[in-house]
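Keep the structure open while you go.

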Amino acid sequence: MSSNTRTIEVELSTTGLDAQGRPQRVPLVTGDGRDDVNVAPPLSIEPELSAEHMLINLGPQHPATHGVLRLVLELDGETVVRCVPHIGYLHCGFEKIGEYRQYNQIIPWTDREDYLNSIGNNVAFALGAERLWGIDITERCTVLRVIASELSRVISHLVWLGTTCIDIGAFTPFLWAFQERENVYNLLEAWVGARLTTSATRVGGMAADIPAGWMDGLRNFLRTFPSTIDEVDRMLTKNAIWVGRTVGLGIMTPDEAINWGLSGPMLRASGVAYDVRRDFPYLDYETYDFDVPVGTNGDVYDRYLVRLEELRQSVRILQQASARLRDGPVNVDDPRVILPPKSKATSEMESMIHHFKQVMEGPRPPIGESYVAVESPKGEKGYYMVSDGTSKPVRWRIRPPSFLNLAAIPKMVEGHLLSDVIAINASIDIVMGEIDR
Amino acid sequence: MTGRFEIVAAGSAVTDSPAPATPKNVSHLGGLPNPSAAALAGRFPGAVERVVVIWGETVVFVKPAAVFEAMQWLRDDPAQQYDFLSDVTAVEYRDFEQPIEVVWHLRSLPYRRFLRVKAQLPKKGPLEIASVWPLWKSADWLERECYDMFGIRFTGHPDLRRILMWEQYREGYPLRKDFPLRGRFSRAEQLRQALAQNPETRYSMEELSVADAFEDLPADMRKRLGTGERTGE
C-alpha cells in the first residue's frame, strides 16, 4: 500500500466471534486495485476486444436513473469510455409559466421542481420574493422556516440514502430510511395539510402557523431519529460490500469540483468547505451551532459520509430551533403583501377592497431584482427574480443544483465499469423535476 | 496520480473575519457596493458601463465585447478570486425596446463575495457573446440552456446545442417574450410533432461519430459527419 492510501476498517455485516468472544474483524480487502483509491480501474480490461466499442442507452426508463435521465454510454467491454447525458424529458417550462403568475401563485410550482425538498423550495422562493419588497420577516417565521428547511433536508437525504442502497444492492436501510421519512411527512401533514406538495410559505410569512402540540411531535422525532442514523451507520459505513462498491468511484478533486460548479454534498465531499448556510447565511443560520462536514477524497463513499453527517447536523439545528421558538406573529405587518383577516374583509369596506385587489391583481414589488440562494439538500439552490413593477415577474430563474452536479457525470464515470455508473449516478442525488423544470 | 486532497475551506482568505451576517433593513438602491465592482472598473475603464446596487446586490454592466477579459480577470486576480460560477442566464424585458441581458452570477469562495455581471445585447444585432466555458466548466450546460431558451449564441462553446428541448425542435426559443405561452404551433401540430419524435432512437452527430455502426448510417449522415458537422440533425 502506498502512502496516499486510505485505510477503512471494514466489518463484515454478519460478524462472527473469535475465541475471546470479540467480534471478528476482517482487513480491508475490497478487490484488486480498489484499496488504492486514487487509481482508476484500467481503461481496457480486454485489450483484444478494445477496437470494438459499443454504444448503449441507459435510461430514460431505467429505474436506477432516478427519473427520466438518458445516458448514452460508449463501452469498451464493460468499461465506460465516454458518456453523453440527455435531459429534458420532464421539461415543463416552469420559468415560462412563472412569468404569467403572481408571486404567491408561483409557490405551488416550486413544490414540483425538486419534489423531495418541496417545503425548502417554498422557503427559498419566499425569501427571494421578500427581498424584492425589502421585507424582513418576523422572528417566529424565521425559526419556523429553519425548521421547515431542515425537515426537508432530512426527507431528501433519507430518500437519497434509501434509493442509493437499493441501487447498490442493500435493501434493509431503504426500509429504515423510508420509515423515518414517513414520520417527517406526518409532521408536515399536521402542519400544512399536505405531505409532498406543501406550498407552505407566502410572501411575508407562512400559509399556516404550527398547530397546538406540534412541537411535541417534532421533539419526539428528534429523540428517536438519531438511533436510526446510528443504525444505518453501523450497517453500511464499515460494510465490506458497501465500501467495495463506493470507494474510489467518481472522484472529483477540489479544484475540479469548484470549476464544474458542483455544490452541496457533492462539493463538500471533494474537500471544499462551502455551505451557503455558513458562507452566505440567510434565516439567521449564522447564529446556529452546526458543523459543515467535509470529505477528503471526493468519491461516492465520501458523499455518503457527508450526507450521513448532515443528517446528524440537521438534528442539531432542529433541536436548537425548537428551543428558540417563541410565540408571536408569523406574518409581517405589511399591507403590501399580506391579506387582511377574513373577519375584517367581510365587515369593513376598505379591508374588502384591499382583499379584492390583493387577490385579483396581486402584490406589486418595486422595480428591481434579487438572487437568493439557499443550501438545499442537493446544493446551492438559487431563485433569481426580476421585477418591472407589475404583479408578475419579468423573469423567474431557478438555479438548479442537480443540473450542475449532473453536468459533471461524463467526467466522473469515465474509465469506470458500467455497474459503477449506477453507483456514481446515485451519489449525485439528482431529481429530474429540478433538472428539467 | 494526485496526492491526498487538501481541504479548501471557503472563506479561507478572511478566516479572521466573522461570517457575514444576513443583511437586514437593506434599502432599495442604497446598499454598499461590492469592492470588486470598483476594482473591475479601475482595471478595465472602458469596459464597465455602470454599477448598480439593488437590495444590497451589486450589478456590474460590462460591454459585451469585454466580457471574457473581465471575467478572466475576476477569476484570476488574487484580490478577487471569483472561482465559482453560480449561474448563467438571460433576461428579456416586456418592453420590446430594452436589450436582452445576459447575466452571470459569480461567487468568490475565498472572499465570500457575490457579484452579478450583466451584458446588454441589443435585439437588432446578432445575439452573440463570448463563452466563459474556457474559464469555468460549469458554463457548459448553463450556456447550452441559455442558448436553448433564448437563442443567444455563446461563441467558443465547444458543444452548443439544445439541452432541454429536443434537437429537432422547430418552434424557436421558448423563454423569449414573443414566444406565446402555449407555443407557436397549434395544439394539433404540436401533438403531431411530439408523436413523430422518438428521441430514444436519436443520437446526436457527436455520438454517432463514435458509434461502431457508422457504416450502417444513411449515406447523407455519413457525408455530413465527414464534413465535420457535430451538432443537431
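**Exercise 1.** Find how many bridges join β7(A) to strand β8 of chain A, and which way the two strands run.

*Solution.* Bear in mind that this is a predicted model. Start at β8 (residues 379-387) of chain A: nine bridges join β7(A) to this strand, and the two run antiparallel. For an example, pick A:Tyr371, whose bridge partner in β8(A) is A:Tyr384.

**Exercise 2.** Work out the strand order of the open sheet in chain A, then name its edge strands.

*Solution.* Step one: the sheet has three strands in the order β7-β8-β9 (chain A), paired antiparallel. Step two: look for strands that pair on one side only, and you land on β7 (368-376) and β9 (395-399) of chain A as the edges.

**Exercise 3.** Decide how α5(A) and α6(A) are oriented to each other.

*Solution.* Two packed helices are described by the angle and the distance between their axes. Here, α5 (residues 172-192) and α6 (residues 214-236) of chain A pack at about 165 degrees, with axes 10 Å apart. Angles over 145 degrees count as roughly antiparallel, so α5(A) and α6(A) are roughly antiparallel to each other. Their crossing is left-handed. The contact includes A:Trp176 and A:Leu187 of α5(A), and A:Phe221 and A:Phe225 of α6(A). Sort the contact residues and you get 13 nonpolar, four polar and two charged.

Technical notes. Residues numbered from 1 in each chain as written. Chains lettered and ligands numbered in written order. Predicted model: local features only at pLDDT ≥ 70, side-chain atom pairs only at ≥ 80, totals over all residues. Axes fitted to C-alpha atoms, helices over the stretch in contact; angles between N-to-C directions. Helix = DSSP H or I, 4+ residues; strand = E, 2+ residues; numbered from the N terminus. Parallel < 35°, antiparallel > 145°, perpendicular 65-115°, else oblique. Left-handed = near helix turned anticlockwise from the far one by under 90°. Contact = placed C-beta atoms within 7 Å. Nonpolar A, V, L, I, M, F, W, Y, C, P; charged D, E, K, R; others polar. Pairing = 2+ DSSP bridges.
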